[in-house]
Amino acid sequence: MTLTVLLLLAVPLLFGALCLVLPTSGLRLSALVAGSMTHLAVVIRSWTSVERVAADDLLGTDPLGHLMLTLISVLFAVTSVYFVGYHRKRLISQRVFLACMLGLLAALSMVCLSQHFGLLWVALEAASLAATPLIYFRLGARALEATWKFLLMNSVGVALALLGIFCVALSTTGVGEPVSLTVLELVRGAESLDPVWLRSGFLLALVGFGTKMGLAPLHSWKPDAYGEAPPPVAALLAGGMTLGAFVCILRVVQVCSAAGLAEFASFWLIAFGLFSIATAAVFVVGNNDYRRLAAYTSVEHMGVLVVGIGLGVAGSYASMLHAMHNMLNKGALFFLAGFLWRLHGTNRISLVRGTISRSPVAGVLLLGTLCATCGLPPFGMFFSELGIILAAASQGQWWVLALFVTTLAVVFVGVMTAMLPVVFGDPPQAESMIATTGTEPRWRRGVMLSAAAVLLGLGFGLGVYQPDSVRRALDEAAQSIARPQAQAIAALEQPEVHP
Amino acid sequence: MSVETATDLVLVMVILLDLGMLTVSRLATTVRFFALQSLLLAFLPLAAATFEGQAPGMHALVIAGGTITLKVVLIPTILLRIIRTGEIHREIEPFIGFTASVLLGAALVVVSFAITARLPVPREPVSNLIVPASLSTVLIGLLTLVSRLKAITQVVGFLILENGIFIFGLLLIEQTPLLVEMGILLDLFVGVFIMAIVVYHIRREFDHMDTHLLDELREA
C-alpha cells in the first residue's frame, strides 16, 4: 500500500473526525470543503505518476478504479462548495451530517481502490451505511419512510451481492491451491474457474449491486431517497454512489470476460439496462415532482451505462464516457433542483413556472442541464449515447438498438414536456411565492448557481473538446473491462514497478 | 460423535430454527430464535477447521468469537430492548399467514436441496448440507422480509438472510482474509444498529412500526 492510497482514505476520515469536534458551524463547513478539496488535490497528483497494481495488492489504482475515483472526487469537491451555500441551521446534527458526508467519500474511495472482492464489498456496505443518516436530514415522516426503504433494500441487495462474491470465490476452489480473491489473480487464473459457480456469482452480484446502482426492477428506493434527501446529498448519491456500485459490477464483469463468459454477461447486462431505460421512460412521462423526475433520469442513465458494457470494447468506452458525463450532469441537475426548491418552496412541477424570468441565470443553467440530461449535442451524453448506438450497430444487435433509441426518445419527450414550462412558462402571481424568494441571501444563491455552472460547464467543455489525457484514461478503463487479460499480463511481466 | 455428524446435526437444527421462526408471532421469541441460531453457527468455523485436520486456528477462533459477541449478545440485546420499551409485542396479521408461511418455507427448503443437486461443490466440504442449509436460510430470510409487517421482524429477516450467507462462507474460510471477515461483521453490526435507530424513530413518529403503512411516497 502506497502513500497515495493511504492519503486518499485518511484525508476524508481525518477531516470527518474534525467535523465532529470543531465548535462552530463555520469551522465545520470549512473542514468539509478543505477535506474534499485536499482529496481532489491528492487524486489529481496521483495521475502524474500512476503506480501499477501488483497481483496480491488489496488496494491500488488500476485504470478503472482510478478513473471512477477521479470522477467521485470532483463531484465531492464541487458538492462541498454547493453545500456551504445550501445549508441551513435545521439539520439533524450538523456534526454527524458532515462527518457522514466525508465518511461516504472515504468509503467510496475505498470502493474504487479495492482490488480484493471481500474488501470491495465491505467498502460498498460502509458507503451505504454512511449515506443513511444523510437521507434522514430533513427529519419527519416522509424522510423516515425514504430512509427505511433505502436502508432495507440496499442492505438486502448488498447481502445478495456478498452471496454472489462467495459464489465467485467458490469457483476458484477446484483449481488446487487457494487463490486470493484479488481481481488480477482471478483474471489470471480465469480459464480454470468453474463456469457454473461463476455464472451464479455474476447473476447474484448483478442483482445485488444493481439494487444499489438503481437498475430496474430494483430501483424503487431511488425516487423516494432522491426525492426526500437534500439535493446535494441526492447529487452525491446519483453521481457518486451509483458509480461505486457500478465499479463493483464491473469487477465481476472483468473476471467473467477473462473467463470467456463475456457473451453470457453481455446478455444480462443489456437486458437489465434496457429494462431500466424502459422503466424510467414509463415513470418520467406525466411525473409531477421534479426531484423524482430527476431520480428517474438517473435510473435511465444507469441503464445506459450497463447496456454500454454489454457491447464490447466500443460500448465500454462509450459507457465510461457516459459515467463521466452522468456524474457532471446529475450533480448539476440536483444542484438546480435544490435551487428551485429554495426559490419556489415546492417540488411540484405544476406549481413551478417561469424560472427564467425570476432568475435568468438559473433558467439558462436549467435549460442547459435539461439538454445535457436528454443527450442533446454538444453535451457529452450525446456522444456517449451515440457511441453505444454505433457499437450496437457494428455488432448487428438491431433489437437492442431499436429499443435503446425508442426508449431514450420517450424519456426525452417526457422530460422536456414536463420541464420546459418550468423554465419558460408564465410565473404565478401568488404573493406567497414572491415572498419566499427574498429571504435567501445573494451570496448563497451565487454559490449554489456557480457550483451548478461549474459542473455544467465541464460537461459542455468535455463534450465540445476532449483532451488526449481524458480520452486515454477512458480508453484504458474500457480496455481493462473488455480485455482484462492484457492488464493482468502487464502486471505479471513487471511486478516491481514502484518508482 | 465425529465432526461431520456434529456439523450435520447443527445444520439440520439451523434449518428447523428457520422454519420455527416462521411460526412464532411474539417478536421477542423471534429474536431469541435468531440468537440461538447464531450460537449454533458460531461453532461451525471451528468444526470446519477441525475437518481440515488441524486444530482450530486464530482465524476460526476470531470468527467464532466475533459471531458470538455480535450476533448472540449485542444485536439481540439491542432488538429486545426496543421490543421491551414499546407497546407492540406481536406480529399480527402478516401478509402471509403463519401456517401458509411455514408450508412456503418448507417448499423453499425443498427447492434449496433441488438446486444444490445441480451445483457441484468443487472440493469436498465438511458437510454436504452446507449449501442447501445456506440457501434455505437465505430464502427463508427473504420470505420473512417480504411477508411480515413489523419493522423489527424485517430486521430479523435481514439477519437470517445474513446468517445464510455466513453458512455459505464456511466453504471459503481459508480464502477470505481475517480483515475482510471482520469488516463484514462490523458492517453488519453498524447496519443493524442504524436500522434499530430508524425503527425507534419510526415508532416515535407514527406510534407503530408497521412498514406497510409507510406508503406516502409514491407516484401521484
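The following conversation concerns a predicted model with chains A and B.

User: What secondary structure does chain A have, helices or strands?
Analyst: Chain A contains 21 helices and zero strands.

User: Why is it described as compact?
Analyst: Chain A has a radius of gyration of 22 Å, close to the 23 Å given by the globule rule for 499 residues, so it is as compact as a globular protein of that length. The C-alpha trace spans about 75 × 55 × 45 Å along its principal axes.

User: And how much of chain A is buried?
Analyst: Of the 499 residues in chain A, 62% are buried.

User: Which one gives the largest share?
Analyst: H6(A) does, with 17 residues. The side of chain A that touches chain B divides into 21 nonpolar, 10 polar and five charged residues.

User: Back inside chain A, how do H16 and H19 cross?
Analyst: The axes of H16 (residues 380-394) and H19 (residues 442-464) of chain A come within 7 Å and cross at roughly 50 degrees. That angle makes H16(A) oblique to H19(A).

User: Which residues make the contact?
Analyst: H16(A) contributes Gly380(A), Phe382(A) and Phe383(A), while H19(A) contributes Gly459(A), Leu462(A) and Gly463(A). These divide into three nonpolar, three polar and no charged residues.

Technical notes:
Residues numbered from 1 in each chain as written. Chains lettered and ligands numbered in written order. Predicted model: local features only at pLDDT ≥ 70, side-chain atom pairs only at ≥ 80, totals over all residues. Contact = placed C-beta atoms within 7 Å. Helix = DSSP H or I, 4+ residues; strand = E, 2+ residues; numbered from the N terminus. Nonpolar A, V, L, I, M, F, W, Y, C, P; charged D, E, K, R; others polar. Rg over C-alpha atoms; globule rule 2.2 N^0.38 Å. Buried ≥ 20, exposed ≤ 12 C-beta atoms within 10 Å, placed from the backbone. Axes fitted to C-alpha atoms, helices over the stretch in contact; angles between N-to-C directions. Parallel < 35°, antiparallel > 145°, perpendicular 65-115°, else oblique.
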